[in-house]
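This report describes selected helix, strand and side-chain features of one protein model. The sequence and the structure are shown first.

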Amino acid sequence: MSKYSSEILNSIKAYTPGEQPRDKKYIKLNTNESPYPPSKGVIEAINKSEIEDLRLYCDPECKRLKELLSDAYNVRPQNIFVSNGSDDILNFAFMAYGKDGAVFPDITYGFYSVFAELHNIKYETVPLTDDFKIDTGMYLNRNKLIVIANPNAPTGIDIPLEEIEKIIKSNPQSVVLIDEAYVDFGGESCAELTEKYDNLLCVHTYSKSRSMAGARLGFAIANEEIIKDLEKIKYSTNPYNINRLTQIAGAVAITEDDYYKENCKKIIQTREYTANALKELNFTVLPSKTNFLFAKSDIISGEDFYLKLKDRGVLVRHFGSERIKDFNRITIGSYDEMVKFIEITKQILDEQRKA
Ligand SMILES: *Cc1c(COP(=O)(O)O)cnc(C)c1O
């Protein structure tokens with residue numbers, strides 16, 4: 001750190017993104033990207049004339065994108081906020097709604113604690129149950145900023161909508177943020193509950209089910225007043241935070257939703273194939289409603305498995321924290337990639353048994 005930096009900057013531990021090594025070509029199952037490209041219309045829309053228009057500022061209101069999203073999610077454009085990835089929205093929400101503190105699970109998306117620390121917010125983490133579920137009863141009547149990923153990451157386990165609604169209902173004095181980054185892979189969205197509850201902030205991303213992690217686009221659905229708060233922060237920091245090409249890509253993608261739904265179906269099928277294959281190899285595999293599996297072997301440590309996979313050209317995500325260090329998070333790639341992953345896993349286990 002430089003000698004000029006603030007106390008908070010000195011003390012926070014920044015988020016560590018999944019590695020993006022360039023030394024060789026990997027089967028990349030470590031950052032929950034889609035194995036499929038964006039839809040045809042998106043690829044065609046990013047054309048020469050749009051690139052030439054990059055000399056112009058983008059629409060800070062993102063009107064077209066908001067109209068299409070509001071149609072797709074059955075709300076009004078005033079109920080939609082769009083931003084530079086959903087991480088941006090999480091950041092804004094912590095900034096805006098953390099004054100009475102925040103509550104989230106001990107094992108969840110690593111960015112929540114980073115944002116809490118960045119904005120000097122006191123936070124409490126609630127342990128997952130022994131079977132790695134979110135203990136929903138612990139989030140009732142808290143009246144602090146509640147942040148829950150549903151389905152949760154890196155476990156992949158979802159919470160039924162009734163349980164989410166109880167949490168929203170019992171915290172009328174605070175915002176309940178439900179991060180639905182993975183909801184399109186089999187979870188239940190709370191988006192429609194935003195009509196009923198003023199304190200619900202439902203956050204989505206184009207990074208996973210819509211194959212656009214590199215475009216940086218996230219959106220939130222909420223009561224109009226919450227959207228206004230988020231807009232105020234955006235207009236106080238960076239009004240042009242979604243570039244022209246991303247706005248176009250995001251709008252076209254919504255008009256081609258069938259393609260993305262089909263991809264989600266394929267990913268769910270491949271997930272079930274992979275989960276079964278791992279279970280046959282004696283892995284413990286948590287029940288996933290996402291595009292990844294969280295799994296541990298009975299004969300090789302999480303870290304050794306991660307390292308041996310990497311040696312053989314397969315990247316997965318290993319988290320060092322005590323409670324989950326035996327596990328790895330494995331993104332569901334294409335069917336062919338997962339067949340290869342299982343083959344390599346078998347080789348690693350065979351070697352391990354001989355050793
Ligand atoms: C991937 C992920 C995000 C971040 O998405 P971006 O839109 O790429 O910023 C947010 N929350 C969870 C739980 C995620 O896994």
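Which residues of strand β2 (residues 80-83) lie on one side, which on the other, and are they buried or exposed? The coordinates come from a predicted model. In β2, Ile 80 and Val 82 lie on one side, Phe 81 and Ser 83 lie on the other, and all of them are buried, leaving both faces covered. In a regular strand the side chains alternate between the two faces of the sheet. Strand β2 pairs with strand β8 (residues 218-222) in the antiparallel sense, over four bridges. Within that pairing, Ala 220 of β8 is the bridge partner of Phe 81.

**Strands β10 and β12**

Strand β12 (residues 327-331) is mostly covered, with five of its five residues buried. Phe 327, Arg 329 and Thr 331 are on one side, whereas Asn 328 and Ile 330 are on the other, and both faces are covered. β10 and β12 run antiparallel and are joined by five bridges. Opposite Arg 329 in β12 stands Phe 294. Arg 329 also has its charged end over the ring of Phe 292, at 5.7 Å from the ring centre. A further charge-over-ring arrangement is that of Lys 266, which lies over the face of Tyr 36, 4.4 Å from the ring centre.

**Aromatic pairs**

The structure holds 21 aromatic pairs. Two of them are listed below with their geometry.

| Pair | Centre distance | Angle between planes | Class |
|---|---|---|---|
| Phe 104 and Tyr 123 | 5.1 Å | 15 degrees | stacked |
| Tyr 182 and Phe 292 | 5.0 Å | 85 degrees | edge-to-face |

The pair of Phe 104 and Tyr 123 counts as stacked because its planes are at 15 degrees, under the limit of 30 degrees. Phe 104 belongs to strand β3 (residues 102-105) and Tyr 123 to strand β4 (residues 123-126), 19 residues apart, and the pair thus links distant parts of the chain. Phe 104 is buried, with a relative accessible area of 2%, whereas Tyr 123 is partly exposed at 32% relative accessibility.

The planes of Tyr 182 and Phe 292 are at 85 degrees, so this pair is edge-to-face. Tyr 182 is in the loop between β6 (176-179) and β7 (200-205), and Phe 292 is in strand β10 (residues 292-296), 110 residues apart. Both Tyr 182 and Phe 292 are buried.

Ring pairs also form a cluster, which links Tyr 15, Phe 94, Phe 104, Tyr 109, Phe 111, Tyr 112, Phe 115 and Tyr 123.

**Helix α9**

Does the span of helix α9 agree or disagree with its number of residues? At 1.5 Å a residue, the twelve residues of α9 (residues 244-255) should span 16 Å, and the end C-alpha atoms are 17 Å apart, which agrees.

**Ser 174**

Ser 174 is located in the loop between α7 (161-169) and β6. Ser 174 has a relative accessible area of 8% and therefore counts as buried, the limit being under 20%. The side chain of Ser 174 reaches the backbone oxygen of Lys 144 at 2.8 Å. Not counting residues up to four places away in sequence, Ser 174 touches Asn 143, Lys 144, Leu 145 and Asn 199.

Definitions and conventions
Residues numbered from 1 in each chain as written. Predicted model: local features only at pLDDT ≥ 70, side-chain atom pairs only at ≥ 80, totals over all residues. Heavy atoms only, no water. Helix = DSSP H or I, 4+ residues; strand = E, 2+ residues; numbered from the N terminus. Expected span 1.5 Å × (residues − 1). Phe/Tyr/Trp six-rings, centres within 6.5 Å; stacked < 30°, edge-to-face > 60°. Buried < 20%, exposed > 50% of the residue type's maximum accessible area, 1.4 Å probe, protein only. Lys NZ or Arg CZ within 6 Å of the ring centre and 35° of its normal. Pairing = 2+ DSSP bridges. Polar contact = N/O pair within 3.5 Å; in protein donor to acceptor, adjacent residues only side chain to side chain. Contact = heavy atoms within 4.5 Å.
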